[in-house]
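I set down here what I looked up in the structure.

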Amino acid sequence: MAKQKACKKCKTIFTGAKCPKCGSEEATDAFKGKIVMLNPEQSEISEKLKIKEKGEYAIRT
Ligand SMILES: [Zn+2]
């Protein structure tokens, strides 16, 4: 199984060489947890993390 990484720019979790959302190759595997964003329009968390799209995102502490 491929290792999951988190994009440093948009926090999207992905596997592979670069972020499928923003195309950044800057990623870290040192994230502490993840959230699944289903309704970004209606979520306080998405406002805090500046997330506008559905998906899996990393949480760093
Ligand atoms: Zn990204």
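Basis. I worked on a predicted model, in which local features need pLDDT of at least 70, side-chain atom pairs count only at pLDDT 80 or more, and totals for chains, interfaces and linings use all residues. Residues are numbered from 1 along each chain as its sequence is written, and side-chain values use heavy atoms, with hydrogens and water left out.

Zinc site. I looked up the donors (N, O and S atoms within 2.8 Å of the metal, or 3.2 Å for Na, K and Ca; water is not among the atoms, so sites may look incomplete). The zinc ion has the SG atoms of Cys7, Cys10, Cys19 and Cys22 as protein donors, 2.3 Å away. Their spacing in sequence reads C-x2-C-x8-C-x2-C. I noted a tetrahedral site, with angles of 102 to 118° among the four donor atoms; four donors count as tetrahedral if all angles lie between 85 and 135 degrees.

Accessibility. I used relative accessible area: buried is under 20%, exposed over 50%, partly exposed in between (1.4 Å probe, protein chains only). Cys19 is buried at 3%, whereas Cys10 is partly exposed at 24%.

Sheet. I found an open sheet of three strands in the order S2-S1-S3, with antiparallel pairing. Strands are DSSP runs (E, at least two residues), numbered from the N terminus, and two strands pair if DSSP finds at least two bridges between them. Strand S1 (residues 5-7) pairs with S3 over two bridges; Ala6 has Thr28 in S3 as its bridge partner.

Ile59. I located Ile59 in strand S5 (residues 55-59) and recorded it as partly exposed, at 33%.

Notes. Tetrahedral: all angles 85-135°; square planar, octahedral: opposite > 155°, others 65-115°. Helix = DSSP H or I, 4+ residues; strand = E, 2+ residues; numbered from the N terminus.
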